[in-house]
Amino acid sequence: MFCSQALFAVELPLNQTGASELDRYTVESVRERLPQRRHGSDVSLIRLDQLYTFPVENYFELQTTRQHQGKRGAVKAIMLANGVYDLADVVRLVNDDRLIRQVDAKTYISYRPIYVAPTAKLVVQGVTLRLSVPDTAVLAYNGDLYVVDATITSWDESRGDYGPRPVLPKAELLHYAKRDARPYIQGMEGSGSYFANSTINGLGYNGRASFGLSLTAPQIKSLWTVSSLSGAIKYLPKPHGIFVGNRIVNCFFGFYTNDADRVVLIGNIFHDNLIYNVDPHDFTKRLIVARNITFDAKHAHGIILSREIKDALISENISFGNHGSGIMLDRNIERTLIRDNVVFANHGDGVAIFESDNNRISGNTLFSNANNGLFVRNSLSVTADNNRFFRNGHFGVETAVVNIDKLETRDFERDPYHMASGLRLNRNTLSENLSGAVAIKSSAYLQLFGNDFSSSGSSLFSDDVQGVADQLLLGNLQGGVSFCGDPKRLCSGQQFGGQSKLHRQKRAGGAVKPSRQGDINRYKREILEQLAQEGVVAASYELSVLQLRELSVANKQSIKRITDALSQSAESGHSSSLRLLAHLKLREHGYRGERVVGPLTKLALAALHGDAKAAIELKWLPLITGVSKNQLVSAVNRARAELVAADLCVGDECSSEQRPAAQSNEPEKLRSYRAVLRLFKPEIDRFQAYGPDKLKEYLSEQKAINRLKVKREARRQRELLEGREATGERRAYLDRKAMRERTSDRYLIATRAEDMQRHKERLEQVLGKVNRHRDPGARVSYTQLSRWAGVER
């Protein structure tokens, strides 16, 4: 009898991207995207502590490294805006070999971070860009980055190489601030990344999305972001990218995303990266990972998708020799199709599905993995069909229900899970797996139909299903059979239906502690409302700020109410109200068009009243938004005229920080953007987004996080030791497990050449598809693949 279809059915649509669509992503197609004309001259050296749209954690990491090196002052970066540049243009416009220089005809080295604004594009083509390790020369961009037929590498001039990382104990690899920051590439909101036939080497460290090559855009939690220039960045499109035919090596993570969109990884080779080779993360959408080769991830998995990624495609990859699993889905990954991959010789599982419902594994070849071919944990509606599981070190397939409530590295509020697993196995071939074909543990559910166990020997089923093994084998051949957790008999759909709702209930790892923050906010709101009614301008402004922080979705009525309140307080010249009102209006107009002059005038009025943040925003607006320099000049002139007309600042009454008025009723008009910067130079110079106190607070937070990680590891080791000492049975189990792993490892290593030869035809088929996306001079032969796998020397 079949169990309820709700347990096993995969909800469509899965990612159905076909071979013809994958074929269109080639190195040549990326070359055709290259901008044909270079133009622009807005290249300057800026203080990163003034560009507060730059991620604050990354800035603190860079600043901390400077302090460790005994360097003083704020981190400075080369900023590109309003144009399309190549490295020769940047060197020419910067004109300072201490910042960036040309080493030879095809090589450049940067000694400062490079930031590409949303209004700019940087082209790195046919050259090598070295990013100085001692100077932490990162490459960050909200604009577009083209890396074609090029190399970007970290570089230590004193060593003459990429500067290998200092070795850390395994337990400290993921601790913060254990190493100095080092170069990385980070595409942020609004960015487009186009990489083809290039090498990325030696980048990244354990920081905030500074892992190597990353695309990141953390989710917006409230409308407070529109209160400053951050709103212009945060509301840009999610970062997207096409990466074809590249080699990514020696990075902390090979590739990482957070909330990116439209990401294609195809035809790339990832190897020898420190933790993961490929790690798309939180909420990334429209993801394709296809026809890549990933091997020798030093401490974890070849390909891992983690946290709330939907509708991804993992297709026709070759993943082998990784320290963890070849492919993993972890923490609520749904509707992902893992199709036609070859996964072998990994030190963990071939494919692992953890706490991720509603996924399909189809047409894969999984052999010689040290643990299972496929392991499904706490995941429902998983289908595995038409796969080949051959000679894996433990089981061909294992599915289990595991209580992970004590797994302290999990945040169960963000990552709830349920104590249930359901797996459908259809038309798979399971052969010579060392511990058996299929294992079902802790009342997990299984459905079988049309599978081939003919070469599995006498050990077919293990653990919960041993008592019904004959019935399962017979039902598998006669139209399908279901096991729903009872080790003595099979189940009916009606019996399962009574359990379904219970086992699908998500677990949140315990009760949520009550918080007083809501009560505090209500009390604060009452006080501010009372003061605002009494005409206190600052209270009206703070009330508007509080309301924006509480809004997560734009609501026209709420925004209008806030705008009206700000307009009243702005009439009195309250600079913060003027600045906030200006940004609300700029956001409404999309920072473009003739209508932005009015809001810009309000921002200029705030700056003329001495608001340093408004002044620095006037500096950045033409560089990172659609606001033109002419519009900015016009708005500043209008604001100066308004102040003079209102007699708010005339002649000798103007302080040194308030410079709008000329000595007559008609102030001399500013003629250029440079003149605006000169006018507000005192305010700009004193603006500092991240002061020493905030840096100390950040470092204190990182130390607290590290202490927590140390405590967790100590507790885990203590519990493990106590468990071993508590019962001889536990110790005997662990000893048997260690012996099995050693024995299977030796056996799998001895048979690897034979296993690869057995699957040579399939490997060559997938290699042929990988090579469609690689430059002719960078294609991979079967002999080269065998050498990487340790079979041929």
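Student: At the start of H5, the backbone nitrogen of which residue lies within 3.2 Å of a side-chain oxygen of Asp-86?

Tutor: This is a predicted model, in which local features need pLDDT of at least 70 and side-chain atom pairs pLDDT 80 or more, while totals for chains, interfaces and linings use all residues. Residues are numbered from 1 along each chain as its sequence is written, and side-chain values use heavy atoms, leaving out hydrogens and water. Helix H5 spans residues 87-94, helices being DSSP runs of H or I of at least four residues and strands runs of E of at least two, numbered from the N terminus. At its start, the side-chain oxygen of Asp-86 reaches the backbone nitrogen of Ala-88.

Student: Which residue of S30 stands opposite Met-328?

Tutor: Strand S27 (residues 327-330) is covered on both faces, with Ile-327 and Leu-329 buried on one side and Met-328 and Asp-330 on the other. S27 pairs (at least two DSSP bridges) in the parallel sense with strand S24 (residues 303-306) over 4 bridges, where Met-328 is the partner of Ile-304. Another 4 bridges join S27 to strand S30 (residues 351-354), also parallel. In S30, the residue opposite Met-328 is Ala-352.

Student: Which element supplies the largest share of the lining of the second largest pocket?

Tutor: This pocket has a volume of about 600 Å³, and Ser-44, Leu-45, Lys-619, Arg-674 and Leu-677 lie nearest its centre among 20 lining residues. On a 1 Å grid over the protein atoms alone, a pocket is an open set with protein on both sides within 12 Å along at least five of seven lines, a cavity is a set where a 1.4 Å probe fits but cannot get out, and lining residues have an atom within 4 Å of a point. Strands S1 (42-47) and S2 (76-81) and helices H14 (612-624), H16 (673-679) and H17 (681-686) each supply at least two lining residues. The largest share, 6 residues, comes from S1.

Conventions:
Buried < 20%, exposed > 50% of the residue type's maximum accessible area, 1.4 Å probe, protein only. Polar contact = N/O pair within 3.5 Å; in protein donor to acceptor, adjacent residues only side chain to side chain. Points joined across faces, edges and corners; volume = space filled by probe spheres on them.
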